[in-house]
Amino acid sequence: MQEKDRSEDEFTVTPWEVEGDIDYEKLIEKFGTESVDEELLDRIEDVVGETHFMLRRGIFYSHRDLDRILDEYEDGNRFALYTGRGPSGHTHVGHLMPWIFAKWMQDKFDVELYFQLTDDEKFLFNFDSTLEETHSYALENAKDIIALGFDPEKTHIFIDTDFIHELYPLALKVGKRLNFSNVKAVFGFDNSTNVGSIFYTAIQSAPCFLPSELEDEDIPVLIPCGIDQDPHFRLTRDIAETIGYLKPALLHNKLAPSLDGSGKMSASRPKTTIFTTDEGEDVDRKINEAFTGGRVSAEEQRKKGGDPDICAIQNYRYFIFEEDDEKVSDLAERCKEGDILCGECKQILKENLKEFLSKHQKRRKEAEEKLDQFLMSGYED
Ligand code: TRP
């Protein structure tokens, strides 16, 4: 693949590659999105009666047309949520972050959620993956989604290769309008890119129009997603109206950082990623090795304090594990004061993680029996 304008920026963000120290404000400019400002935050709070810590902390920080979705909602028109996951492996804890938020949105707005599992995407883009593997991970990931407690009446999960008969007519409409030079420029494809990958954006676009198609009326769609997915939907938005549908709206989150203190948590770096299937001893080992903002010796840290801003342990707390703002800032303060050392902080997180995982794993097991309630067509035992 081509070098993707790395020249000025020290970072790269595409749906398939996230590298370097991401400047999220710069991404807003580069992608041409809007920031979620105070006014919009207040408005959401007014409409649903409360806010979510991921909004308040600026984790969901950028959007396209979220104000339009709120207008519609206030006018009594329903909208639908759409999000997805590329099943390249087991789910890691960082993946749960946007899903937990999507559940909050579903509960607060009382709307349908469509959840795409792209076994095709991961097959096409990861050279070594087989379709059997990506399909089986899709089922594994579906259990994690269900384990979060989504409402089966309103939550529709689908695996692309099982549901393609519904997606294909929509993907074709999109595919006919996207031209190669645009797709190439947006994703940095070149002549060696396989043709399945070139078509793929059409498949990820299709669910934007699925609610309207299934309900036979115009239903606006809001997509909570990582900012790395924006390039697909920018293309979708450009052509939506030409094929007779509403443009999808977007609400973007920052990517959960990994335990080694860089980039995003990635399933391809298993040592620095906590999976929902990990055992207690995995948690201990991974957290022990995590990157922190600590000093070289305990003595020096007591004297000079640590740096919570670059600390992976603190980030875990900030992004998912601690809803209470005060607790997050208290620990950060104590760290800066040299009042608490990394070992102690790690210990707290290990306990939180293990408690969370043991509950999650139990619900995940129960979810095995519920797959049929959530998966749209094509899943037989
Ligand atoms: N491409 C996404 C991934 O690799 C999966 C995905 C499909 C998605 N549809 C989506 C993500 C809609 C967010 C919103 O994870």
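Reader: In which helix does F199 have its place?
Author: The model is a predicted one, in which local features need pLDDT of at least 70 and side-chain atom pairs count only at pLDDT 80 or more, while totals for chains, interfaces and linings use all residues. Residues are numbered from 1 along each chain as its sequence is written, and side-chain values use heavy atoms, with hydrogens and water left out. Helices (H or I, at least four residues) and strands (E, at least two) are DSSP runs numbered from the N terminus. On that basis, the residue F199 lies in residues 195–205, which form helix α10.

Reader: Is F199 buried or partly exposed?
Author: Buried means under 20% relative accessible area, exposed means over 50%, and partly exposed lies in between, with a 1.4 Å probe and protein chains only. Because its relative accessibility is 31%, F199 counts as partly exposed.

Reader: Which helix gives the most to the nonpolar patch?
Author: Patches are made of residues with over 30% relative accessible area and no salt bridge, where like charges are joined within 9 Å and nonpolar side chains (Val, Leu, Ile, Met, Phe, Trp, Tyr) within 5 Å. Accessible areas come from the Shrake-Rupley method with a 1.4 Å probe, and for residues only the protein chains shown count as cover; a salt bridge is a side-chain nitrogen of Lys or Arg within 4 Å of a carboxyl oxygen of Asp or Glu. I164, Y168, L172 and F199 make a nonpolar surface patch of about 330 Å². The most, three residues, comes from residues 160–177, helix α8.

Reader: Which helix gives the most to the negative patch?
Author: Asp and Glu count as negative and Lys and Arg as positive, with His and the chain ends not counted, and a charge is placed at NZ of Lys, CZ of Arg, CG of Asp or CD of Glu. The negative surface patch is formed by E34, D37, E38, E39, D42, E45, D46 and D67. E34 has its place in strand β3, but the most, five residues, comes from residues 38–48, helix α2.

Reader: What is the angle between the planes of Y24 and Y61?
Author: Rings of Phe, Tyr and Trp (its six-membered ring) pair if their centres lie within 6.5 Å, and planes under 30 degrees apart count as stacked, over 60 as edge-to-face and the rest as tilted. The whole structure holds 17 aromatic pairs. Among them, Y24 and Y61 form an edge-to-face pair, 5.5 Å centre to centre, with an angle between the planes of 80°.
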